[in-house]
Amino acid sequence: MTVTIGRSTIGAGQPVYVIGEIGLNHNGDVDLAMQLIDVAADAGAQAVKFQKRTPEISTPEHMKSTPRETPWGTMTYLDYRYRVEFSREQYVEIGDYATLRGLDWFASPWDEPSVDFLEDLNVVAHKVASASVTDLGMLRALAATGKPIILSTGMSTLEQIDAAVAVFDPSKLIILHATSTYPLPPEEANLRMISTLQERYPEIPIGYSGHETGLQISVAAVALGATVVERHITLDRAMWGSDHAASLEPDAFAHLVTDIRIVGEALGDGEKRIYPGELAPLAKLRRVPA
């Protein structure tokens with residue numbers, strides 16, 4: 001089974017669909033968002049992803065009045081959430097720029113009004129953040145759009161994932177294995193979950209959303225069959241913001257995409273054959289013919 005997003009076909013035997021997760025690493029700055037779009041495009045990714053919230057709805061009540069130290073001074077967590085949200089006009093600007101750079105772009109909505117907001121912008125797909133796996137009302141709103149859905153599965157049980165999967169048309173669904181620890185230590189990556197998900201949902205493409213600091217785990221995910229890889233990107237891991245430390249800087253992201261392409265090509269089709277490059281060694285080295 002394959003799923004089409006924009007110009008890309010996603011599934012077994014297809015090139016890995018690489019998503020540069022910008023998330024909130026733009027810190028509410030359109031220029032910074034555009035620089036991160038350039039990072040993804042220059043590296044050879046196929047998509048960039050943002051996060052869209054209606055802060056009054058999506059912010060947990062117990063967090064709204066919590067003080068937060070920010071580059072703009074001390075403010076409540078709710079005010080901070082408003083400060084880093086883009087307006088419709090800003091999304092049009094960055095979305096158009098991503099399209100001009102040859103990238104698909106979409107976002108993770110964190111509430112139902114954000115689904116409507118993104119649909120008004122005609123995004124090519126929607127992403128379900130791990131934190132939203134149990135928000136069945138929002139998942140039903142996403143399913144009603146008819147768009148392809150990418151479902152992250154961090155901080156969720158298999159039963160919760162089953163309930164979320166049941167909401168969607170499986171022919172338009174991609175599932176990403178994820179562990180929502182930032183940054184992710186290797187002992188929590190549990191990459192064998194990719195195989196578990198492949199066996200549980202054999203008709204659905206399975207990918208990987210990583211929050212580790214290096215490249216090895218994401219490359220290994222591709223070797224295990226991940227059809228999508230999503231990684232956070234940043235200009236500088238030392239920048240202010242909760243996700244920068246678990247993100248890849250431009251050079252590292254470019255190296256990752258290169259490694260993913262090499263591993264994807266090296267996987268082959270599993271059929272044993274004698275390759276042209278083996279013929280000369282065969283003639284020279286094999287003493288006993290078949």
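This report describes aromatic pairs, nonpolar cores, one arginine and some backbone features of the structure above.

The model is predicted, so that local features need pLDDT of at least 70 and side-chain atom pairs count only at pLDDT 80 or more, while totals for chains, interfaces and linings use all residues. Residues are numbered from 1 along each chain as its sequence is written, and side-chain values use heavy atoms, with hydrogens and water left out.

**Aromatic pairs**

A pair of aromatic rings is described by the distance of the centres and the angle of the planes. Rings of Phe, Tyr and Trp (its six-membered ring) pair if their centres lie within 6.5 Å; planes under 30 degrees apart count as stacked, over 60 as edge-to-face and the rest as tilted. The structure holds eight aromatic pairs. Two of them, both involving Trp 105, are set out below.

| Pair | Centre to centre | Angle between planes | Class |
|---|---|---|---|
| Phe 50 and Trp 105 | 6.3 Å | 75° | edge-to-face |
| Tyr 91 and Trp 105 | 5.8 Å | 15° | stacked |

Helices (H or I, at least four residues) and strands (E, at least two) are DSSP runs, numbered from the N terminus.

Buried means under 20% relative accessible area, exposed over 50%, and partly exposed in between (1.4 Å probe, protein chains only). Phe 50 is buried, at a relative accessible area of 0%. Tyr 91 counts as buried at 1%, and Trp 105 is buried at 9%. These residues belong to one aromatic cluster, formed by Phe 50, Phe 86, Tyr 91, Trp 105 and Phe 117.

**Arg 53 and charges over rings**

A charge sits over a ring if NZ of Lys or CZ of Arg is within 6 Å of the ring centre and within 35 degrees of the ring normal. The charged end of Arg 53 sits over the ring of Trp 110, at 3.8 Å from its centre. Likewise, the charged end of Arg 68 sits over the ring of Tyr 80, at 4.5 Å from the ring centre.

Arg 53 is placed in the loop between strand 4 and helix 2 (55-58), and its relative accessibility of 5% makes it buried. Contact means heavy atoms within 4.5 Å. When residues up to four places away in sequence are not counted, Arg 53 touches Leu 24, Ser 58, Arg 81, Glu 85, Trp 110, Asp 111 and Ser 114. Its side chain is also joined to that of Gln 51 by a polar contact of 2.8 Å. A polar contact is a pair of N or O atoms within 3.5 Å; within protein, one must be able to donate a hydrogen and the other to accept it, and residues adjacent in sequence count only if both atoms are side-chain atoms.

**Nonpolar cores**

In soluble globular proteins, nonpolar side chains tend to be buried together. A nonpolar core is a set of buried Ala, Val, Leu, Ile, Met, Phe, Trp, Tyr and Cys residues joined through side-chain atoms within 4.5 Å. The largest core has 49 residues, and those with the most contacts inside it are Ile 5, Val 48, Phe 50, Ile 94, Phe 106 and Phe 253. Helix 1 supplies the largest share of this core, 10 residues. A second, separate core of 27 residues includes Leu 151, Ile 161, Ala 221 and Ala 226.

Ile 161 is also one of the buried residues of helix 8 (residues 158-165), together with Ala 164 and Val 165. They cover an arc of only 95° around the axis, which puts them on the same side of helix 8; the arc is that of the directions from the helix axis to the C-beta atoms. The buried residues of helix 8 pack against helix 7 (136-143), strand 9 (149-152) and strand 10.

**Backbone features**

Most residues other than glycine have a negative phi, and most peptide bonds are trans. Asn 27 has a positive phi of about 50°; this residue is found in the loop between strand 3 (17-23) and helix 1 (30-43) and is buried at 13%. Asn 122 has a positive phi near 60° and lies in the loop between helix 6 (112-120) and strand 8 (126-128), where Asn 122 counts as exposed at 57% relative accessibility. The peptide bond from Tyr 182 to Pro 183 is cis, with omega near -15°. Pro 183 lies in the loop between strand 10 (173-178) and helix 9 (193-200).
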